[in-house]
Amino acid sequence: MAGAAISLSAVPDPVFSQAMVGPGAAVDPAREPGVAVAPISGRIVKLHPHAYVIVGPDGRGVLVHLGIDTVQLKGVGFDLLAAEGDLVPAGQPVVSWNPADVEAGGRSPICPVVALDAPASSVLRVAAGPVHAGDELFQWG
């Protein structure tokens with residue numbers, strides 16, 4: 001999604017900032033309507049309005065979490081553009097949402113993107129600064 005790539009350690013939730021589910025990066029999204037896209041090519045194995053997991057052909061999964069504590073919104077403000085079980089190419093839109101609405105509701109719109117069950121040393125070249133939907137956030141070595 002469009003915004004600024006930031007360190008996972010800057011995410012205002014210890015589950016993500018302490019890399020409890022895996023290493024990665026985060027996006028502080030532009031405060032405007034936008035889409036979250038598939039970070040890798042693969043199958044959508046979990047899809048909730050606020051989060052999704054895509055597993056690539058190599059068996060590695062990536063979690064995208066749209067905002068912090070957004071599960072409490074019960075899907076309000078999120079539109080699914082794909083379905084669980086779909087095969088998607090990297091860059092395909094998965095969820096549309098408005099980070100400004102999330103923030104106006106008192107929640108952080110920051111989006112962790114996590115290499116699930118990966119050792120910290122396997123995440124390489126983490127991006128920093130402006131990004132657009134489909135830009136590389138990190139490499140998983």
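This is a predicted model: local features need pLDDT of at least 70, side-chain atom pairs count only at pLDDT 80 or more; totals for chains, interfaces and linings use all residues.
**Cores.** The largest nonpolar core holds 30 residues. Those with the most contacts inside it are Tyr 52, Leu 66, Val 94, Trp 97 and Leu 137. Six strands are named as giving two or more residues to this core: S2 (24-29), S4 (42-48), S5 (51-55), S6 (61-65), S9 (93-97) and S10 (111-115). Another core lies apart from it, with 10 residues, among them Leu 8, Ala 26, Leu 63 and Val 114.

Val 94 touches residues from several stretches of the chain, leaving aside those up to four places away in sequence. Its contacts include Ala 36, Val 37 and Ala 38, then Ile 44, Leu 47 and Tyr 52, and also Asp 79, Leu 80, Leu 81 and Ala 82.

**Sheet.** Three strands form an open sheet in the order S3-S9-S7, paired antiparallel. Strands S3 (34-37) and S7 (78-80) are the edges. Each has a single partner strand, so one side of each lacks a neighbour in the sheet. Neighbouring strands are turned by 30° against each other on average, direction ignored. S7 and S9 are joined by 3 bridges. Leu 80 stands opposite Val 95 in S9.

**Positive phi.** Asp 69 has a positive phi although it is not a glycine. Asp 69 is partly exposed, while Asp 117 is exposed.

| Residue | Phi | Loop | Relative accessible area |
|---|---|---|---|
| Asp 69 | about 65° | between S6 and S7 | 41% |

Terms used: Residues are numbered from 1 along each chain as its sequence is written. Side-chain values use heavy atoms; hydrogens and water are left out. A nonpolar core is a set of buried Ala, Val, Leu, Ile, Met, Phe, Trp, Tyr and Cys residues joined through side-chain atoms within 4.5 Å. Buried means under 20% relative accessible area, exposed over 50%, partly exposed in between (1.4 Å probe, protein chains only). Helices (H or I, at least four residues) and strands (E, at least two) are DSSP runs, numbered from the N terminus. Contact means heavy atoms within 4.5 Å. Two strands pair if DSSP finds at least two bridges between them. Axes are lines fitted to C-alpha atoms, for helices over the stretch in contact, and angles run from 0 to 180 degrees between N-to-C directions.
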